[in-house]
Amino acid sequence: MPELETVPEPEPATETETETAAETGTATGPRRRTGGLPAVLAVTTGVFAIVTTEILPVGLLGPIGATFRISDGTAGLMMTLPGLVAAVAAPVVTVATRRADRRTVLCALLLLLALADLLNAVAPAYSAVLLARVALGLVIGAFWSVGSGLAPRLVRAERQARANTVIFTAVPLGSVLGVPAGVLLGSVAGWRAAFAAMAALTLLALAALLATLPPLPPPATTTGLGVLRGLLTGRGTPAGLAVTFLIVLAHFGAYTYVTPFLTEVTRVGPGTIGALLLGYGAAGLLGNLLAGARAARALRPTFVSVAVLLAAATLLLPVLGDGRPGATALLLLWGAAYGAVPVCSLTWFLAAAPNAPEAAGVLFTSSFQATIGIAALTGGGVVDRTSPGTVLVLAGLTALLAAGTALLTAPGPATARR
């Protein structure tokens, strides 16, 4: 993991400078404690808890569906609802809390996540599970919007790209550690135990935030509706929204239902599925680490390459995935490609809004999460009417469309480095 340098305490400031620091959240003045690596790792832990909770149903779709006697498509609502709620929560909660200390906001969100995990663990009916997933969507939207733009306030400018890479390692780590561990625990103690374990992990993440995150007054450029409207009409943002929609639609439209594919086509059991998802997540971690710095220097070729690799994996899986070797190789390729997507997408939005990183985070989160919900819903409809293999083919074609769009519209090297 890249080493991040903790920013030293600033020299004593004048009364005016201290007041300005308190109002804007800049690093000027003694009232502003800096966070550095411990704070970055605390945010990463929170993101890991959120991501794992969000995608855990992918590995437990069968057991949860069997408990409540619902189809795979209906069980897919566990992925649809959080995404749609998060898309709305990202701008609404961020604007509503724009004058609140960001440390307080993040800690409150993790407490809500722990309660949602507990509700999942004891849910007497599928409706209670969906209610917990709505609460999760609220957490996802607000936490990502605030947390994804925190690197400039926690580390030195020259360390920001590395800090973003570290934070985004939580996304593939959710697949590497979270989902396989949840599947294993679910196979031994039942799927409810997996969500109970997530509640405990979330409380640990909350403790880490409380211990290491410095006070974070609202940024100088608060995220109001006017700022968001300006970004939506600004140069680069509409294209970023389009590419993010296409690549996330391709991925989650297929990945949500990868377990049924592995069960029905590859014909492997829960233990092997857990191992395959572990390999997928490990490849995703590698993809994230390789793409983090690369995306900041050369966003266009990085994003195009990622989309083409994702397309290749999903198009070939129905052809070569009927055997364990082919499925394993293609899942590794898929994981490496998707592991780079979140950091590439955020880099695009930050390049389009270099002076408003939190607002860029709102647009990133809303577009990403709305598409996850749409993709899971669309994929569920296709799965219930056709087969998981059909979803994979459609996902591959969509990823190719994303690659073409990124090739034509992605920011050039100079823009991406800003």
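What follows is a list of selections, with a note on what sits at each one.

Some housekeeping: this is a predicted model, so local features here need pLDDT of at least 70 and side-chain atom pairs count only at pLDDT 80 or more, while totals for chains, interfaces and linings use all residues. Numbering starts from 1 along each chain as its sequence is written, and side-chain values use heavy atoms, with hydrogens and water left out.

**The whole chain.** Switch to cartoon and you'll see 20 helices and 0 strands; helices (H or I, at least four residues) and strands (E, at least two) are DSSP runs, numbered from the N terminus. Of the 418 residues, 56% count as buried. Buried means under 20% relative accessible area, exposed means over 50%, and partly exposed is in between, using a 1.4 Å probe and protein chains only. Take the contacts with a separation of 6 or more: residues 24 or more positions apart account for 86% of them, where contact means heavy atoms within 4.5 Å.

**The core.** Now select Val43, Phe143, Leu209, Ile247, Leu262 and Trp334, the residues with the most contacts inside the largest nonpolar core, which has 120 residues. Such a core is a set of buried Ala, Val, Leu, Ile, Met, Phe, Trp, Tyr and Cys residues joined through side-chain atoms within 4.5 Å. Helix α2 gives the most to this core, with 16 residues. Zoom in on Ile247 and skip its neighbours within four places in sequence: Ile247 touches Phe303, Ala307, Leu310, Val341, Ala399 and Ala402.

**Along α2.** Stay with this helix and pick Leu37, which is located in α2. Leu37 counts as partly exposed, at 25% relative accessibility.

Arg69, in the loop between α2 (36–68) and α3 (72–75), has a positive phi of about 55 degrees. Arg69 is exposed, at 81% relative accessible area. Then jump to Arg267, between α13 (258–266) and α14 (270–297), where phi is positive too, at about 60 degrees. Arg267 is exposed as well, at 68%.

**α14 against α15.** Next up is α14 with α15 (residues 299–320): their axes come within 6 Å and cross at roughly 135 degrees. The axes are lines fitted to C-alpha atoms, for helices over the stretch in contact, and angles run from 0 to 180 degrees between N-to-C directions. That makes α14 oblique to α15, since angles under 35 degrees count as roughly parallel, over 145 as roughly antiparallel, 65 to 115 as roughly perpendicular and the rest as oblique.

**Thr97.** Head to the loop between α4 (77–96) and α5 (102–122), where Thr97 is found. Beyond its neighbours within four places in sequence, Thr97 contacts Arg102 and Val105. Its C-alpha is 9.5 Å from that of Ala142, 45 residues apart along the chain.

**Last stop: cysteines.** How many disulfides does the structure hold? It holds 0, a disulfide being a pair of cysteine sulfur atoms within 2.5 Å. Select Cys107, buried at 8% relative accessible area, and Cys344, buried at 0%.
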